[in-house]
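User: I would like a close look at one part of this model, with the backbone and the surroundings described together.

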Amino acid sequence: MRHIARLLFLVVAFCTAMVFADERRITVAVSLQPYATLVKMVGGDYVNVVTLLPPGADPHNFEPKPAVIKAFSLAQVYFSDGSGLDKIWMPRFLGANKNVQVIDISKNIEWMKAEHDDHHHGSVHHHDEDEIDPHIWTSPTRVKFLAQNIYHALKTLDPKHEIYYVNRITETQNRLVQMERMMNEAIFDMPRNRRSFIVFHPSYGYLAKDFKLKQYTIEVNGKEPKPRDLANLIKMGRKNGVKAVFVQPEFSKRAAETIAKDLNAVVVETDPLSADFLGNTQKFLNALIEASKK
Ligand SMILES: [Zn+2]
């Protein structure tokens, strides 16, 4: 009997400790895998992260599963990037969690308008003129702002662990600055007439802007290009020395393969929505450098 009592005591003590450990953490919801990674980089042991978009899902055609909405309903705070995509999702999620605090982590980030492609397709699109390009996380330069905003939010929500967050943000910013420097040096060493690339979906607009590269997009208004669009893009690619054509898992590779064949370029698959988003940016750069030697 004494043994059972002791065992029970241990079980109760263990469960209490578990609950305790969980309560010390802030449950943060984010939209994308890259943001989840970044929140963990800064928040470490003191955050639980709920990611709305599962790996491999396409944020442009996203239907949240009930399990995701349920997980969101337990979040204390939602770190929003304030992009157009968030504006589409948020009403549904907020309906499931009336108490969640919404914090904008895109403060101080200069947004760019979504690419319209009119410069090379020459056609009129029915595009929302105010639509912003949401892909900020592919450029380490913009990620520095995201990280800083996440840090400020966490230390405000959880001032007890401020020193912990200071250490983590310092480490994160050092890593990002180092990556920026490495990228600038690598791109500086590339031939000038090899600093353009083609991509199916325009995920690297900020990276291109921040590191003086030129991005040309295959998709037109989110759709497959017409033969005339392809011909124009090939002409553009030839003029600008494009040797790398990027695709991503969510979209078709067919057009990219046609273009690459004509330009004697390589088709490279990268995954901008990957949880390892810094690794993906590195992979993108490595492929561009490798292709520039052709
Ligand atoms: Zn996108």
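Between which helix and which strand does the loop with Asn264 lie?

Analyst: This is a predicted model. Asn264 sits in the loop that runs between helix 10 (254-263) and strand 8 (266-269). Its backbone has a positive phi of about 55 degrees, although Asn264 is not a glycine. Most residues other than glycine have a negative phi. As for its surroundings, Asn264 counts as exposed because it has 10 C-beta neighbours inside 10 Å, and the cut-off for exposed is 12 or fewer.

Asn108 can be set beside it. Asn108 belongs to the loop between strand 4 (101-104) and helix 5 (118-121), and its phi is near 70 degrees, again a positive value in a residue other than glycine. Asn108 is exposed, since 10 other C-beta atoms lie within 10 Å.

A positive phi also occurs at a glycine: Gly44, which follows helix 2, has a phi near 50 degrees. Helix 2 itself (residues 33-43) is largely enclosed by the rest of the structure, because eight of its 11 residues are buried. Those buried residues are Gln33, Pro34, Tyr35, Ala36, Leu38, Val39, Val42 and Gly43.

Definitions and conventions:
Residues are numbered from 1 along each chain as its sequence is written. This is a predicted model: local features need pLDDT of at least 70, side-chain atom pairs count only at pLDDT 80 or more; totals for chains, interfaces and linings use all residues. Helices (H or I, at least four residues) and strands (E, at least two) are DSSP runs, numbered from the N terminus. A residue is buried if 20 or more other C-beta atoms lie within 10 Å of its own, exposed if 12 or fewer, and partly exposed in between; C-beta atoms are placed from the backbone.
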